[in-house]
Amino acid sequence: MDETNMNTQTNIPQTSSSTENELKTENEILISVSDVSMKFTKYEVGVNALKELVVRAFKRNLKRKKFECLKKIDFTIHKGEAVALIGRNGAGKSTLLKIVSGILRPTTGTVVCNGRITPLLKLGAGFDGNATGIENIYLNAAILGYTKKQIDEKIPAILEFAELGDFIYAPIKTYSSGMMARLGFSIAVNMPSEILLIDEILAVGDIAFTKKCHKKLDELRAQGLTFLIVSHSESVKRYCKRAIWLEKGLVKEDGDINEVFSHYTAEMTK
């Protein structure tokens, strides 16, 4: 009798602990991609002008077909993970990143993100050319869902990091592509978020500024920010321990970044 009681008492906390661990793991999932497919309409070759497209469509003489660029994609990313999306051009990496960010809606499937997302998809994208740099900071950050008070608090850090001097008060249309990239990167990395989406780690200035950007990303990783990065370069190993290899819209491999890159490189050099 005593032995039975002892075994029962021992088993109860083990079951409870196991359940708590499972719940904890579920709560730590920041990105969940389930059965995601994406189809685009592809028009026949030769339609190269909007007028011609409209005329052919009106005459019902326009051949079109559906192109599936992503096929039943499934993966989860936990809080604090840094994951690289790799694959050849046209594999669907950037499309998948846009779906995760909410820019595109998948044809089928669901994406759930439990945390504020900052997309670094194209540095400087979405800026108003006629507005000044400082005005675009407010516009860009507001689009990402930040309040004026939150933006006000971060303005000094954004300006210091961007290093644009008095150009911050000039219209964006007078900026070089490098200056716009600096401003876009500075907004993205200085506004608070839980998830950072990066479409390629681009050089956004001279060597010194590029090093500064990498250092900032290192700091964000050390703080536990979750990364999802599209890249062709093995330099992404600096941030990521896991890689998802997309091939023709399918997940070909998902695992340790060194192993996945080894297989990917071997495939690319055949």
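## Pockets

A pocket is here an open set of grid points, on a 1 Å grid over the protein atoms alone, with protein on both sides within 12 Å along at least five of seven lines. In this predicted model, the largest pocket holds about 430 Å³ of space. Its lining comprises 20 residues, and those closest to the centre are Ile 103, Pro 119, Ala 125, Asn 140 and Leu 144. Helix H3 (93-101), strand S5 (117-120), helix H4 (133-143) and helix H6 (177-190) each give two or more residues to this lining. The greatest contribution comes from S5, with 4 residues. Divided by class, the lining of the largest pocket contains 12 nonpolar, 6 polar and 2 charged residues.

The second largest pocket has a volume of about 200 Å³. Around it stand 15 lining residues, with Ser 193, Glu 194, Leu 220, Gln 223 and Leu 225 nearest the centre. Here H6 gives the most to the lining, with 3 residues. The lining of the second largest pocket has 7 nonpolar, 5 polar and 3 charged residues.

## Overall organisation

The chain has 270 residues, of which 39% are buried. Its secondary structure consists of 8 helices and 9 strands. Considering contacts between residues at least 6 apart in sequence, 72% join residues at least 24 apart.

Helix H3 is largely enclosed by the rest of the structure, because 7 of its 9 residues are buried. The buried residues are Lys 93, Thr 95, Leu 96, Leu 97, Ile 99, Val 100 and Ser 101.

Helix H6 is mostly covered, with 11 of its 14 residues buried. Among the buried residues of H6 are Met 179, Arg 182, Phe 185, Ile 187 and Asn 190. The buried residues of this helix pack against S5, H4, helix H5 (148-162) and helix H7 (207-222). The geometry of H6 can also be checked against its length: at 1.5 Å a residue, its 14 residues should span 20 Å, and the end C-alpha atoms are 20 Å apart, which agrees.

Glu 247 belongs to strand S8 (residues 242-247). Its relative accessibility is 13%, and Glu 247 therefore counts as buried, the cut-off being under 20%. The side chain of Glu 247 makes a polar contact of 3.2 Å with the side chain of Arg 88. When residues up to four places away in sequence are not counted, Glu 247 touches Arg 88, Ala 91 and Lys 252.

## Positive phi outside glycine

Lys 248 has a phi near 55°, a positive value in a residue other than glycine. Lys 248 is placed in the loop between S8 and strand S9 (250-256). With 63% relative accessibility, Lys 248 counts as exposed, since exposed means over 50%.

Glu 163 also has a positive phi in a residue other than glycine, near 55°. This residue lies in the loop between H5 and H6. Glu 163 is partly exposed because its relative accessible area is 45%, which falls between the limits for buried, under 20%, and exposed, over 50%.

Conventions. Residues numbered from 1 in each chain as written. Predicted model: local features only at pLDDT ≥ 70, side-chain atom pairs only at ≥ 80, totals over all residues. Heavy atoms only, no water. Buried < 20%, exposed > 50% of the residue type's maximum accessible area, 1.4 Å probe, protein only. Polar contact = N/O pair within 3.5 Å; in protein donor to acceptor, adjacent residues only side chain to side chain. Contact = heavy atoms within 4.5 Å. 1 Å grid on protein atoms, 1.4 Å probe; cavity = no way out; pocket = protein on both sides within 12 Å on 5 of 7 lines; lining within 4 Å. Points joined across faces, edges and corners; volume = space filled by probe spheres on them. Nonpolar A, V, L, I, M, F, W, Y, C, P; charged D, E, K, R; others polar. Expected span 1.5 Å × (residues − 1).
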